[in-house]
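This report covers selected local features of one protein model.

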Amino acid sequence: MATERIGFIGLGSMGGAIAERFVEAGVPLVVCDRNPANLERFRAMGVKSVPTPREVADLSDIVLSCLPSPEASLEVALGDEGIVHGTGVAVYIETSTIGIKAASAIAEGLAPKIGFVDAPVSGGPPGARAGTLSTMASGARDHFERAREALSVMAKNVFFIGEKPGSAQTAKLINNHLSTAGRLAAFEGLVMAIKAGLDLPTLVEVINKSSGRNYTTTDKIHSAILSGTFKFNGQLSISIKDEGLLLDEARDLGVPLWVAPRLLETLQEAAGSGYLEKDSMWLIQYMGEQAGIDVKELMTKGS
């Protein structure tokens, strides 16, 4: 990264953890975020900050972003103070999960002046901090090759999906859907186990040595549920956004989905019960409530 100037936009839970990887790697950054508290943390590390995405793009050869919604991504890329107006940027890397429509609109809006690489990431903030993220990237091959070194700083596993803009978004939404399905299945199974009087640590050990294991059972339950912290992932609102985008794309492709509609319905039910802005680990608390169980209280007593 010695010859490339790097910018980063969006320093929330996920973006902040990714940006820290660049700082730890000794890569000089210029950053931007609407939240002054997020900026202050990076200023304390000696990182330069500017007020607008355009100014990041003026001062950078490659700009990365990690943002909470398609609307935010479109504004950062194409708005009045967006990346599109920058004078220095050659390649813009979108690490957010925004769906193929928004990604395609950004690619079209930036072309031909600025290359676009769609590179959503998987692994959450813990993976970002540990340097174990995966990223799936799509875009013109020459833009991907120029972005590859930056992608390798933030992710251990870098996959090229293809040159069609937004293809990586489809891959990421499928990945997130499978993760959500595994998480909800694991949580409802644990609630059933509590009701049946089973010992949860023993059950989780059994599952992880058997065919029911998934990322939630191998990592999230020990770290976030049995520990009583209920903190691992992102907010429930992000899961709702991603599952909704998956359903939108499936409809556009004419592909029927059976599991996804019920998953989204469950997520929305939990959101309506006050869990929208909580970590998605709190879904198990919502599920427990439906069975007359206070999972959080049980885990706190056991920790």
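Buried means under 20% relative accessible area, exposed means over 50%, and partly exposed lies in between (1.4 Å probe, protein chains only). By that scale Glu-24 is exposed, with a relative accessible area of 56%. The model is predicted, so local features need pLDDT of at least 70 and side-chain atom pairs count only at pLDDT 80 or more, while totals for chains, interfaces and linings use all residues. Residues are numbered from 1 along each chain as its sequence is written, and side-chain values use heavy atoms, with hydrogens and water left out.

**Salt bridges**

A salt bridge is a side-chain nitrogen of Lys or Arg within 4 Å of a carboxyl oxygen of Asp or Glu. The structure holds 15 salt bridges. Three of them are listed in the table.

| Glu-24 | Arg-21 | 3.9 Å |

Helices (H or I, at least four residues) and strands (E, at least two) are DSSP runs, numbered from the N terminus. Glu-24 and Arg-21 both belong to helix H1 (residues 13-24), where three residues, about one turn of the helix, lie between their positions.

Glu-145 and Arg-141 are four residues apart in helix H7 (residues 141-154), and so about one helical turn separates them. Glu-145 is partly exposed at 37% relative accessibility, and Arg-141 is partly exposed at 38%. In helix H12, Glu-265 and Arg-262 are three residues apart and therefore about one helical turn from each other. Here Glu-265 counts as partly exposed at 39%, and Arg-262 as partly exposed at 42%.

Salt bridges also link Arg-54, Asp-58 and Glu-81 in a network.

**Cysteines**

A disulfide is a covalent bond between the sulfur atoms of two cysteines. The criterion used here is a pair of cysteine sulfur atoms within 2.5 Å. How many disulfides does the structure hold? The number is zero. Cys-32 is buried, with a relative accessible area of 5%, and Cys-66 is buried at 13%.

**Packing of H8 and H12**

Helix H8 (residues 167-196) packs with helix H12 (residues 259-275) at an angle of about 65°, and their axes are 11 Å apart. Axes are lines fitted to C-alpha atoms, for helices over the stretch in contact, and angles run from 0 to 180 degrees between N-to-C directions. Contact means heavy atoms within 4.5 Å. On the H8 side the contact is made by His-177, Thr-180, Ala-181 and Leu-184, and on the H12 side by Val-259, Ala-260, Leu-263, Thr-266 and Leu-267. These residues of the contact comprise six nonpolar, three polar and no charged. For this count, Ala, Val, Leu, Ile, Met, Phe, Trp, Tyr, Cys and Pro are nonpolar, Asp, Glu, Lys and Arg are charged, and the others, Gly among them, are polar.

Ala-185 is also found in H8 and is partly exposed at 42% relative accessibility. Between Ala-185 and Ser-210 there are 15 Å from C-alpha to C-alpha, for a separation of 25 residues in sequence.

**Loop residues**

Most residues other than glycine have a negative phi, and most peptide bonds are trans. The peptide bond between Ala-111 and Pro-112 is cis, with omega about 0°. Pro-112 sits in the loop between helix H5 (100-110) and strand E6 (115-118).

Phe-230 is not a glycine, yet has a positive phi of about 55°. The loop between helix H10 (215-225) and helix H11 (236-253) contains Phe-230, which is buried with a relative accessible area of 1%.

Leu-67 lies in the loop between strand E4 (62-65) and helix H4 (70-78) and is buried at 13%. Leaving aside neighbours within four places in sequence, Leu-67 is in contact with Ile-9, Gly-10, Ala-72, Ser-73, Val-76, Tyr-92 and Ser-96. Leu-67 and Ser-223 are 156 residues apart in sequence and 25 Å apart in space, C-alpha to C-alpha.
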